[in-house]
Structures are given as structure tokens and as C-alpha cells.
Amino acid sequence: MLVVGPYLRVRAGSADAQSESHVQRDAEARLDEAAGLARAIDLVIADAIIAPINQIRPATYIGKGKVEEIAALAKSLDVELVVMDCALAPIQQRNLEKELQAKVLDRTGLILEIFGRRAKTKEGSLQVELAHLNYQRSRLVRSWTHLERQRGGFGFMGGPGETQIEADRRLIQERITKLESELKKVQATRRLHRAGRQRVPYRVVALVGYTNAGKSTLFNRLTRADVQAADMLFATLDPTLRALTLPHGGKAMLSDTVGFISNLPTQLVAAFRATLEEVLEADVILHVRDISHEDAEAQQSDVDAVLRQLGINPDDSGRIIEVWNKIDRYDSEQREELLNIAARRPEDHPAMLVSAVSGEGIDALLAAIEERLAATRTTLDLSIDAADGAGISWLHRNSEVLAKELHDGRFDMTVRVDETKRDIVVNRFDAVPHHAT
């Protein structure tokens, strides 16, 4: 197969170049990422080229000269598939297939293909199929050769019947309706599970980040789990929840989610909204960044854009903690420079430097998570008879025990509790608000 990067040149003085929010992504890095997507589904890459363009052509996306150049290359390499690292309109895809004499797959179709192979749970499979059908519905004209009009009945009366494409589109719509109904049931089940966790209650901490930023490795490090973690785009697709133990013994639920990517298809953002509800409902969001990547800033912008699509403010410092992962890839001098950069950040937008591989910085990250969760919790002082084993056990299960000292047969304790448990602790144990000395 052949990978083509048809990237627009950004001219000085253009709106994109002048926009403060625009982060220009390196063309070579973009092409490497597209090749990585192709390798993620075991495609053999014969060549990968950049085809810079000045404007997008309505008929073929790229200009006639570029089309001829790519067609000649595809013929010489004898490839049957050309991946265009862009979003193609149905007519552009069809025209390119005619000109290149090969099957053409755009970025959206490639990502959908990866997701289709990786989804393992019922929910993930339903979401992928729904996104794929919505994508395919507009592309029925692409490869069909049997679009001659069918006649309704015997032709004695009435007008012509459906065309084949109309029949196929109707069947796809029926399947979409069925899938949406099944997904509603799955979402209802997920809401019940979430309601159950809220009754316990467990706070939720969600991992988000660009694909291959190291989220699953960090997830395993924090929870001692064994979620698949590989140097591969979209190694993790289905969401995973595990218990997270905080420094003072409190518990939270940590959620690992699908990785984001630049130009993430809107069909997938919509289809995976149910999965990403864990992020929407999370008390704390860890934005994991591969700080060693050459396009780290551009990747951050891409993740921020998806968060905004989900209705989450990426600048909400009270809820989002930025985690700079893979610092193990730096030598001591580079790491010192990175620490200085992090130290100059505003106090309300700190960056936690960690290595999910070596474990460096993990204790500080756990303390930061606990501190954020504690912001909406109440700290109380109480005294309890040392013989009240049931009461002491209840406190350990339902609160964070910050301090515990034995004096004259009684335990003086300082605990931190969620608002839902505050009144219970106050009434049952005569607890009073904590006053630091």
C-alpha cells in the first residue's frame, strides 16, 4: 500500500498562520502518524510520501499533476490500496479511485477500520459499527456497479421502484436505528453502574490524552493492573475501570479511555460519547502527554479540541491535571530544563512530571490527585472508644483516615469524608470540623 500526506501549505499572513490557537504540525510527523495508523492494522507500506498542496480541489482534493504523479508511483509499486491522510468527500474518493486505479481509503475510513478490529466489548463493537454505517451511508456511490433502476411490480402500473442504492441506504438506516436502540440499553446499564459507584461513593479519575501518550502504562502503574499497553496507535479502545488507592488509604475509580488523535472523525466522537461519559462524569481528569514527542504541543491542542467537543473546558485547572509522561527518555540535563519549564507555569496550572515506565513522579501525582479530590471533601476530628471495632472499621471503609492516635483507651482521629457521608460521621461519632494546629 501507499500512504500519501496531502498537506496544505500554510502561507505567512494567512488566517491559520496568524491564529494564536493554531499549532502547525510538522508534515513529517503527520506522515509518520498516518503510517503508524496503517501499521496498526498490519498493512504493508510500500512507500509514504508528502504531497503539499496550495488549495483543496473539489473533484480530487489534490491537483491534476499530483494525481498523475501518485498514479504513476502506485502503478510502479503495484499497490492496490492508497491511504490519503485527509478527510475525503465521497465524490473525491470515487474520482481518485478511478484515476489511481486502486482502492482509496481516507483518514476517517482508516481509523474506523482500526476501531473495528480493536473493539472487544459489546458496547465498543456497537459504537464502531454505528460510526462505520454513518460514514458508509454517504459513500454508497463509490464502488457500486449495479445501480441500474429497478422496476416496481411487473411494470403494468405505478412508477419505477427504488434504485439499488436507495434500497441499500434504507437497509443501512434500519440497521442504524437498531444499533441506536441497543446502545441506549447499554448506556442505561452504564448509568446504573455509575449510580452504584456514587452510592458507595467512589470518586472517578479519568485518563485522557493523545493516542500512544502512555495512558495504559500509567493506568497499570497506578492500579497495578495489566491492561494492554503497547507502542502502537490505539492499543487500547474499550474503556477500563480499576480501583485507585490514594496515599491516605482513600479509594477512587480510575478510568482508562480511548486515545484521541488529530482530526478525530466526528462520527467517532459522537458514537463514543457513551464511553466517554466516564470522562464527562469524572471528578478529576488527568491529561497525559508524551512530553518527549516532537509534536507534543500540537497533540495537546488536538486533545483540547476533542475535550471541547465533549463539553469539557480544557482550561479548568480545578478539575484537570496535566501529566507530562515519558521523562525517562531525557538525560539529567534535559530533565532539569524540563523541571524549570514546569516550575514557571502558573500555580493553578501545574504540570506533573512522571515516567509510567520507571515510576518516577508517581507518588507526587497520587498526592496531587488526592488533593484535588479533597477540595470537595470535609476534614473532621473525632474521638472513638478503642473497643468500638465496628465504628473504627466503618470509618476506615467510608473515609480517608488522615491521623489516628491512641490516648487513654480512645482513638483521636482526623478523617476526610465526602459530603454525602459528612452528616453520618458528625451524628454518629460527634465529629467536629478539623482545625489545623
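Predicted model: local features only at pLDDT ≥ 70, side-chain atom pairs only at ≥ 80, totals over all residues.
Colleague: Is Asp-78 buried or exposed?
Modeller: The relative accessible area of Asp-78 is 65%. The cut-off for exposed is over 50%. Asp-78 is therefore exposed.

Colleague: What is the phi of Asp-78?
Modeller: Asp-78 is a residue other than glycine, and its phi has a positive value. That phi is near 55°.

Colleague: What is the phi of Asn-212, and where does Asn-212 lie?
Modeller: Asn-212 is not a glycine, yet its phi is positive, about 70°. As for its place, Asn-212 lies in the loop between β5 (203-209) and α8 (215-223).

Colleague: Why does Asn-212 count as partly exposed?
Modeller: Buried means under 20% relative accessible area and exposed means over 50%, with partly exposed in between. Asn-212 is partly exposed because its relative accessible area is 24%.

Colleague: Which strand holds Ala-243, and what is its relative accessibility?
Modeller: Ala-243 is found in strand β6, residues 240-245. Ala-243 counts as partly exposed because its relative accessibility is 43%.

Colleague: Which residues does Ala-243 touch, not counting residues up to four places away in sequence?
Modeller: A touch here needs heavy atoms within 4.5 Å. With residues up to four places away in sequence left out, Ala-243 touches Thr-223, Ala-252 and Met-253.

Colleague: How many Å apart in space are Ala-243 and Arg-224, C-alpha to C-alpha?
Modeller: In sequence, Ala-243 and Arg-224 are 19 residues apart. In space, C-alpha to C-alpha, Ala-243 and Arg-224 are apart by 9.5 Å.

Conventions:
Residues numbered from 1 in each chain as written. Heavy atoms only, no water. Buried < 20%, exposed > 50% of the residue type's maximum accessible area, 1.4 Å probe, protein only. Helix = DSSP H or I, 4+ residues; strand = E, 2+ residues; numbered from the N terminus.
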